[in-house]
Amino acid sequence: MFTSWGVETSKKFTKQELEKALSELSDAGRFGTVLRAKGIVPCECGKWLHFDYIPDETDIREGLASYTGRLCVIGSKIDEDNLAVLFGVK
């Protein structure tokens with residue numbers, strides 16, 4: 001069965017921080033089996049970063065602003081607490 005974890009956040013990320021967090025999602029022992037992640041977050045540079053993740057493929061790009069950042073992770077046996085720590089939203 002698939003589940004999802006989502007959160008709104010005002011936390012600002014650098015592109016490098018976001019790349020690092022997304023690269024760690026493949027560690028099933030820590031986060032569960034992540035099939036997809038997507039979201040939009042504010043960047044420390046003043047822009048907004050949109051991202052999509054599937055195993056072995058990550059896309060991060062600048063995009064239109066939103067009122068708040070949003071993260072969504074979809075998979076099975078998702079560990080919500082570890083995801084919150086990974087993205088620094090706990």
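Author: The mean pLDDT of the protein is 95, and 100% of its residues reach 70 or more; pLDDT is the predictor's confidence in each residue, from 0 to 100. This is a predicted model, in which local features need pLDDT of at least 70 and side-chain atom pairs count only at pLDDT 80 or more, while totals for chains, interfaces and linings use all residues. Residues are numbered from 1 along each chain as its sequence is written, and side-chain values use heavy atoms, with hydrogens and water left out.

Reader: Where is confidence lowest, and where is it highest?

Author: Helix H2 (residues 28-31) has the lowest confidence, with a mean of 87, and strand E3 (residues 48-54) the highest, at 98.

Reader: What makes a segment a helix or a strand, and how many of each are there?

Author: Helices (H or I, at least four residues) and strands (E, at least two) are DSSP runs, numbered from the N terminus. The protein has three helices and five strands, and their order along the sequence is β-α-α-β-β-β-β-α.

Reader: How do you know that the radius of gyration agrees with a compact globule?

Author: The radius is taken over C-alpha atoms, and the globule rule is 2.2 Å times the number of residues to the power 0.38. For 90 residues a compact globule would have a value near 12 Å; the protein has 12 Å, and therefore the two agree. Along the principal axes, the C-alpha atoms fill a box of roughly 35 × 25 × 20 Å.

Reader: Why is Asp56 called exposed?

Author: Buried means under 20% relative accessible area, exposed over 50%, and partly exposed in between (1.4 Å probe, protein chains only). Asp56 has a relative accessible area of 83%, so the residue is exposed. Asp56 is located in the loop between E3 and strand E4 (57-63), and has a positive phi of about 70° although it is not a glycine.

Reader: What makes Lys77 exposed?

Author: Its relative accessible area is 74%, and therefore Lys77 counts as exposed. Lys77 belongs to the loop between strand E5 (69-76) and helix H3 (80-87). Its phi, near 55°, is a positive value in a residue other than glycine.

Reader: Why is Pro55 called partly exposed?

Author: Pro55 has a relative accessibility of 42%, so the term is partly exposed. Pro55 is placed in the loop between E3 and E4.

Reader: Which residues does Pro55 contact, leaving aside its neighbours within four places in sequence?

Author: Contact means heavy atoms within 4.5 Å. On that basis Pro55 is in contact with Val34 and Leu35. Pro55 and Ser26 are 29 residues apart in sequence, and their C-alpha atoms are 6.5 Å apart in space.

Reader: Why does Gly63 count as partly exposed?

Author: The relative accessibility of Gly63 is 34%, and so this residue counts as partly exposed. Gly63 lies in strand E4 and touches Trp48 and His50, not counting residues up to four places away in sequence. The C-alpha atoms of Gly63 and Pro42, 21 residues apart along the chain, are separated by 10.0 Å.

Reader: What can be said of the protein as a whole, by burial and by contacts?

Author: Of its 90 residues, 40% count as buried. Among contacts with a separation of 6 or more, 64% are between residues 24 or more positions apart.
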